[in-house]
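The following report describes how the parts of one protein chain are held against each other. Please keep the sequence and the structure in view while reading.

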Amino acid sequence: MTVETALKEAMAIDGALGVALVDYESGMSLGSLGGEAGLDLEMAAAGNTEVVRAKIRTLAALGMEDTIEDILITLGRQYHLIRPLASSSGSLFLYLALDRGRSNLALARHSLKRIESSLDI
């Protein structure tokens, strides 16, 4: 699956507001779809890069030999789901913003996992 196809499939998830594929080393988005007036995907990509970096530093400081499956940020009206891509040695992550009232978090997580496993980077 190409990046473009992966982003389109992520936007087909119920309640999807926006999605981006992000390089956490640079903070740059490699592609994005969706977004709305209140959701600047470029800014969100850069900000979520700091979240991923902080969690990786914390795992290292704790001596935990484990990987991040996903990170969930729950807002009043939205879910923000961050999924590092195992195939990229952890340097890329998918970021998906969901409308909390129109989405099913378990199905969204499952869908992102499926998209990740099919994505060719």
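Eight salt bridges are counted, a salt bridge being a side-chain nitrogen of Lys or Arg within 4 Å of a carboxyl oxygen of Asp or Glu. The model is a predicted one, in which local features need pLDDT of at least 70 and side-chain atom pairs count only at pLDDT 80 or more, while totals for chains, interfaces and linings use all residues. Residues are numbered from 1 along each chain as its sequence is written, and side-chain values use heavy atoms, with hydrogens and water left out.

| Salt bridge | Distance, N to O |
|---|---|
| R114 and E9 | 2.8 Å |
| R83 and D70 | 3.9 Å |
| R83 and E116 | 2.6 Å |

**Helices α1 and α3**

The salt bridge between R114 and E9 links distant parts of the chain: R114 belongs to helix α3 (residues 105-118) and E9 to helix α1 (residues 3-11), 105 residues apart. Helices (H or I, at least four residues) and strands (E, at least two) are DSSP runs, numbered from the N terminus. Burial is stated by relative accessible area: buried means under 20%, exposed over 50%, and partly exposed in between, with a 1.4 Å probe and protein chains only. R114 counts as partly exposed because its relative accessibility is 38%. E9, at 28%, also counts as partly exposed.

Which residues of α1 and α3 meet? On the α1 side they are A6, E9 and A10, and on the α3 side L112, R114 and I115. The residues of this contact divide into four nonpolar, no polar and two charged. Here Ala, Val, Leu, Ile, Met, Phe, Trp, Tyr, Cys and Pro count as nonpolar, Asp, Glu, Lys and Arg as charged, and the others, Gly among them, as polar.

**R83 and its partners**

R83 is buried, with a relative accessible area of 6%. The salt bridge from R83 to D70 joins strand β4 (residues 78-84) to the loop between α2 (41-61) and β3 (71-74), and the two residues are 13 residues apart. R83 also forms a salt bridge with E116. Since R83 lies in strand β4 and E116 in helix α3, this pair ties together parts that are 33 residues apart in sequence. E116 is buried as well, because its relative accessible area is 10%. A network of salt bridges links E69, D70, R83, R109 and E116.

Is strand β4 mostly covered or mostly uncovered? It is mostly covered, as seven of its seven residues are buried. Q78, H80, I82 and P84 point one way from β4, whereas Y79, L81 and R83 point the other way. Two strands pair if DSSP finds at least two bridges between them. Strands β3 and β4 pair in the antiparallel sense over four bridges, and I71 stands opposite I82 in β4. These two strands form a hairpin with three residues between them. Strand β4 is also joined by seven bridges to strand β5 (residues 92-99), and the two run antiparallel. The bridge partner of P84 in β5 is F93.

Leaving aside neighbours within four places in sequence, V51 is in contact with I71 and I82, contact meaning heavy atoms within 4.5 Å. V51 is partly exposed, with a relative accessible area of 30%.

**Strands β1 and β2**

Strand β1 (residues 16-23) and strand β2 (residues 28-34) run antiparallel and are joined by six bridges. Within this pair, L21 stands opposite G31 in β2. The two strands form a hairpin with four residues between them, and G27 in the turn has a positive phi of about 80 degrees. G27 and M43 are 16 residues apart in sequence and 9.4 Å apart in space, C-alpha to C-alpha. M43 is placed in helix α2 and is exposed, with a relative accessible area of 61%.
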